[in-house]
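Please view the model alongside the text.

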Amino acid sequence: MKSMQEFTEEIGDTSFVSVRGGGTRWDLGGPLKEGTIEVEAPQGVIDFKPEEMIVRVGAGTKLSKLQNDLTELRQEIALAGPPGSTVGGSLAVGSSSHRSARIGRACDVLLQADCVGADGKQFVAGGPTVKNVTGYDICRLLVSSLGTLALMGVVTLRTRPKPETGVWLRGELALEEIRKHCYRPASVLHDGSKTFLLIEGYEKDVEKEKASLEKIGMEVLDGQLEIPPLQKGATKEDLNGGFLDLQVGAVYSNTPHCTNQISEEVQRLSRRIKKNFDPTGRLNPGRMPY
Ligand SMILES: Cc1cc2nc3c(=O)[nH]c(=O)nc-3n(C[C@H](O)[C@H](O)[C@H](O)COP(=O)(O)OP(=O)(O)OC[C@H]3O[C@@H](n4cnc5c(N)ncnc54)[C@H](O)[C@@H]3O)c2cc1C
């Protein structure tokens, strides 16, 4: 496995630089400035601590590999992505899983990040414990920052218990009606006409809820639901073949809203943060995280 020292040397302290993960969201935030060098983060699991529910990995580790290893320990992390995607890329993009109502949001996954800053020096953000109240919460700033503030080499992540079982159901009932029959669904999606529901947990509980939902007309689906990603700024018309995640407040509008939704104050604050972290603009130049 590549060491933090080697990663730091590749990044250097002068040229424009970006970390390439699996490339599954490579153009998000805009194209990279010409002449930017691309480096890869260290890959591999460094340490599992299942009893403390943390895992330490190279940020270049494939998400699928990590999730597979964790499955053996009946744990998982609240990150998801297509084949080839990496832990670091997923954190830098910062989208939450459609199961976030059960497993939590992407911004809560990162406990510690061993990074290289724009000055080419290593620094550590956060710490390896869930309850860490010292200093600024840099880890939450790094998630979704698209690698524009610092480049992550090694990360410590919070794991979650993996549910014993899960089942998808489909029906035409309103969400309020469905909620009366299950305690806390892992996912509730809507495709414009039907509601899709994922219930997870201990086998006994899932069986009970499933029976109750079937009685009110929900139909059990075989296997996993294929969920096409819904792009930001999607409209009702885009829903054919797409889904809305009803639990995290996603809504559709009849008018396109692809223009920037971020307020001027937040943009100003973001620019100040960027200036402080990366005064010469050498980290992922050309990319805008919002
Ligand atoms: C079809 C599809 C479905 C998806 N579904 C889900 C989903 O269900 N749930 C979910 O949470 N997400 C989902 N995603 C988003 C997914 O998390 C990201 O696309 C993916 O994990 C990015 O990883 P990557 O290795 O391919 O990153 P890349 O595309 O290689 O990089 C993305 C950005 O992150 C930066 N970056 C990469 N590594 C680092 C690093 N170590 N340090 C700093 N910056 C870095 C890159 O420079 C780049 O700007 C989906 C994406 C796609 C395309």
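Buried means under 20% relative accessible area, exposed over 50%, and partly exposed in between, with a 1.4 Å probe and protein chains only. The model is predicted: local features need pLDDT of at least 70, side-chain atom pairs count only at pLDDT 80 or more, and totals for chains, interfaces and linings use all residues. Residues are numbered from 1 along each chain as its sequence is written, and side-chain values use heavy atoms, without hydrogens and water.

Leu 63 counts as buried because its relative accessibility is 4%. It belongs to helix H2 (residues 63-72); helices (H or I, at least four residues) and strands (E, at least two) are DSSP runs numbered from the N terminus. Leu 63 has contacts (heavy atoms within 4.5 Å) that include Ile 77, Leu 79 and Val 87, leaving aside residues up to four places away in sequence. Pro 83 is 20 residues from Leu 63 in sequence, with 8.0 Å between their C-alpha atoms.

A nonpolar core is a set of buried Ala, Val, Leu, Ile, Met, Phe, Trp, Tyr and Cys residues joined through side-chain atoms within 4.5 Å. The largest has 39 residues, and Val 87 and Leu 142 are among those with the most contacts inside it. Strand S8 (151-158) is one of the elements giving two or more residues to this core. S8 gives the most, five residues. A second, separate core of 11 residues includes Val 167 and Leu 197.

A charge sits over a ring if NZ of Lys or CZ of Arg is within 6 Å of the ring centre and within 35 degrees of the ring normal.

| Charge | Ring | Distance to ring centre |
|---|---|---|
| Arg 20 | Trp 26 | 4.0 Å |
| Arg 287 | Trp 26 | 4.5 Å |
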